[in-house]
Amino acid sequence: MPMRARELIGPALLGVATGARTSLGLAGVAFGERRSWTPRPIEIAQSRGARLATAGMVAGELVADKLPGAPSRFAPQAIAARVVIGAVGGSALAWRDATSCPAGAAIGGLGALVGAAVGLRWRTAVKDRGWPDLPAALAEDAAALAGAYRAGRRPS
């Protein structure tokens with residue numbers, strides 16, 4: 001079934017958030033709204049155990065991103081993981097909302113590429129201006145978390 005423009009917002013936002021922090025592609029689904037009919041895999045992703053595991057992954061990534069040895073978000077393994085998780089998350093949101101899973105996957109994967117590029121551009125601009133990196137990284141975290149949270153809400 002074709003998607004309406006407003007139904008693209010969730011997968012797109014989740015993809016962009018995933019481009020910033022990989023684990024947010026899972027968190028947007030795990031902590032997203034439930035529907036009256038929710039597919040079984042999404043019910044499992046929203047279980048207490050899955051939410052605890054997802055929260056742990058998000059917390060770990062938020063800390064690890066600030067470490068000096070953190071790899072580039074465009075390292076082959078890192079960008080591949082972001083695109084795949086963005087696609088899976090976008091597809092899951094589309095499935096939950098009874099819309100097109102392939103379109104949700106495509107939008108989520110593309111969103112991850114956009115989010116990674118925008119995040120890198122932001123951090124590079126901060127570095128080039130000589131601004132402190134930690135506040136910039138925390139601002140990126142806040143924007144990505146807000147995007148993942150909004151992505152998990154139902155289209156209005």
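Reader: What covers the buried residues of H6 in this structure?

Author: This is a predicted model. In it, the cover over the buried residues of H6 includes H1, helix H5 (76–96) and helix H7 (133–151).

Reader: Which residues of H6 are buried?

Author: Begin with a general idea. An α-helix has 3.6 residues a turn, so residues three or four places apart point the same way. In the present case, the buried residues of H6 include Gly 104, Gly 108, Gly 111, Ala 112, Gly 115, Ala 116 and Gly 119. Arg 123 and Val 126 also belong to the buried set.

Reader: Which residue caps the N-terminal end of H6?

Author: Ser 100 is the cap, with a side-chain oxygen placed 3.2 Å from the backbone nitrogen of Ala 103. Just after H6, Gly 130 adopts a positive phi of about 75°.

Reader: Is Arg 123 buried or exposed?

Author: The cut-off for a buried residue is under 20% relative accessible area. Arg 123 has 13% relative accessibility, and therefore counts as buried. Its side chain meets that of Asp 133 in a salt bridge, at 3.0 Å from N to O. Arg 123 lies in helix H6 and Asp 133 in helix H7, so the pair ties together parts that are 10 residues apart in sequence. Asp 133 is partly exposed, with a relative accessible area of 39%.

Reader: With which residues does Lys 66 form salt bridges?

Author: One partner is Asp 65, where the closest N and O atoms are 3.6 Å apart. Another is Asp 141, at 2.5 Å from N to O. Lys 66 lies in the loop between H4 and H5 and Asp 141 in helix H7, so this pair ties together parts that are 75 residues apart in sequence. Asp 141 counts as buried at 6% relative accessibility, whereas Lys 66, at 24%, counts as partly exposed.

Reader: Which residues are linked in a network of salt bridges?

Author: The network links Arg 21, Asp 65, Lys 66, Arg 73, Arg 123, Asp 133, Glu 140 and Asp 141. The whole structure holds 12 salt bridges.

Reader: Which residues make the nonpolar surface patch?

Author: Phe 74, Leu 110, Leu 113 and Leu 120 make a patch of about 340 Å². Phe 74 lies in the loop between helix H4 (48–64) and H5, and is partly exposed, with a relative accessible area of 35%.

How values were computed:
Residues are numbered from 1 along each chain as its sequence is written. This is a predicted model: local features need pLDDT of at least 70, side-chain atom pairs count only at pLDDT 80 or more; totals for chains, interfaces and linings use all residues. Side-chain values use heavy atoms; hydrogens and water are left out. Buried means under 20% relative accessible area, exposed over 50%, partly exposed in between (1.4 Å probe, protein chains only). Helices (H or I, at least four residues) and strands (E, at least two) are DSSP runs, numbered from the N terminus. Contact means heavy atoms within 4.5 Å. A polar contact is a pair of N or O atoms within 3.5 Å; within protein, one must be able to donate a hydrogen and the other to accept it, and residues adjacent in sequence count only if both atoms are side-chain atoms. Patches are made of residues with over 30% relative accessible area and no salt bridge: like charges are joined within 9 Å, nonpolar side chains (Val, Leu, Ile, Met, Phe, Trp, Tyr) within 5 Å. Accessible areas come from the Shrake-Rupley method with a 1.4 Å probe; for residues, only the protein chains shown count as cover. A salt bridge is a side-chain nitrogen of Lys or Arg within 4 Å of a carboxyl oxygen of Asp or Glu.
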